[in-house]
Amino acid sequence: MSLYLLIVVVFLFSIIHFFEFLSFYSRIAGIRTDNRLISYSLQQTTFVGTRFFFIFLMPILGFIVDSKVSKNTYLIMVIFSLIFASISYLFAYCIRDKIIFFFNNVIEEYNKNTGYLKSILKSIYKVLFLSSTNGEKVKELEGVINKKMVILSALIFCSYSIAVFLSFYFSLVFYEYRSTISQLSGVINAFATLILTLYIEPGISRSIDKKLINAEYDVYSLLLGRFLGVAILSPIIVILVGLI
């Protein structure tokens, strides 16, 4: 099996997590421009876009398992995927001013009755070729980190990030049942998505709709939890699984 396939998995996984992470900055743009529904739509559009990369990721993982790659090689691939996804989170955080500027411009263009796609393309041009903040850092609103949301987010996104990888890993371990086991990732992700949809997302939306002073920091709390879940909890679990 080619090393390139393992690299492709790391790349696709990192790209998915990078775009999902930065999509939450659209919610902050919505808070600052008082366009909450449009910002939520932008976030969901970005999430849908990442499914395109999943279309390629899943069959590649299936092929890797069918090729009977060694368990150690597979786990090393998973660890590197988590490392690069974590690095992409840090990069997204470092360029958050530009990302928020981008979403601000998409919202502004769309409110001018510009087409959705055209609004995005024009905003990309502004981010790439125009100064986003005129050299000044965007002032963030005051608030406090929601510790409960950080913990729940860490657990949810830990499950979300490694469910697919671990299900395919156990497909390697119990090779004769690989088709059945590989489908378990959907079950695990369903529970994580359920908690995210029924508890965390409504909590953030409520604070945004009520224009609470901590609304922006609720988004940051979710992102911090996501980083901790993917960068710390997930690698620990993967290493423990490898030691079993």
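Trainee: In this predicted model, is lysine 68 buried or exposed, and how do I read that from its relative accessibility?

Mentor: The general idea is to compare the relative accessible area with a cut-off, since a residue counts as exposed over 50%. Lysine 68 has a relative accessibility of 56% and therefore counts as exposed. Its place is in the loop between H3 and helix H4, the latter covering residues 71–94.

Trainee: What is the phi of lysine 68?

Mentor: Begin with the background, which is that most residues other than glycine have a negative phi. Lysine 68 has a phi near 55°, a positive value in a residue other than glycine.

Trainee: Which loop holds aspartate 34, and what is the phi of that residue?

Mentor: Aspartate 34 is placed in the loop between H2 and helix H3, which covers residues 36–66, and although aspartate 34 is not a glycine, its phi is positive at about 60°. With a relative accessible area of 43%, aspartate 34 is partly exposed, a class that lies between the 20% and 50% cut-offs.

Trainee: How do the axes of H2 and H10 cross?

Mentor: For a pair of helices one reads the angle between their N-to-C directions, and an angle over 145 degrees counts as roughly antiparallel. The axes of helix H2 (residues 25–33) and helix H10 (residues 215–243) come within 9 Å and cross at roughly 175°, and H2 and H10 are therefore roughly antiparallel to each other.

Trainee: Which residues in H2 and H10 meet?

Mentor: From H2 the residues are Tyr25, Arg27, Ile28, Ile31 and Arg32, and they meet Ala215, Glu216, Val219, Tyr220 and Leu223 in H10. By class, the residues of this contact of H2 with H10 divide into 7 nonpolar, 3 charged and no polar.

Trainee: Stepping back, how many helices and strands does the protein have?

Mentor: There are 10 helices and 0 strands in the protein. Along its principal axes, the C-alpha trace spans about 55 × 35 × 30 Å.

How values were computed. Residues are numbered from 1 along each chain as its sequence is written. This is a predicted model: local features need pLDDT of at least 70, side-chain atom pairs count only at pLDDT 80 or more; totals for chains, interfaces and linings use all residues. Side-chain values use heavy atoms; hydrogens and water are left out. Axes are lines fitted to C-alpha atoms, for helices over the stretch in contact, and angles run from 0 to 180 degrees between N-to-C directions. Helices (H or I, at least four residues) and strands (E, at least two) are DSSP runs, numbered from the N terminus. Angles under 35 degrees count as roughly parallel, over 145 as roughly antiparallel, 65 to 115 as roughly perpendicular and the rest as oblique. Contact means heavy atoms within 4.5 Å. Ala, Val, Leu, Ile, Met, Phe, Trp, Tyr, Cys and Pro count as nonpolar, Asp, Glu, Lys and Arg as charged, and the others, Gly among them, as polar. Buried means under 20% relative accessible area, exposed over 50%, partly exposed in between (1.4 Å probe, protein chains only).
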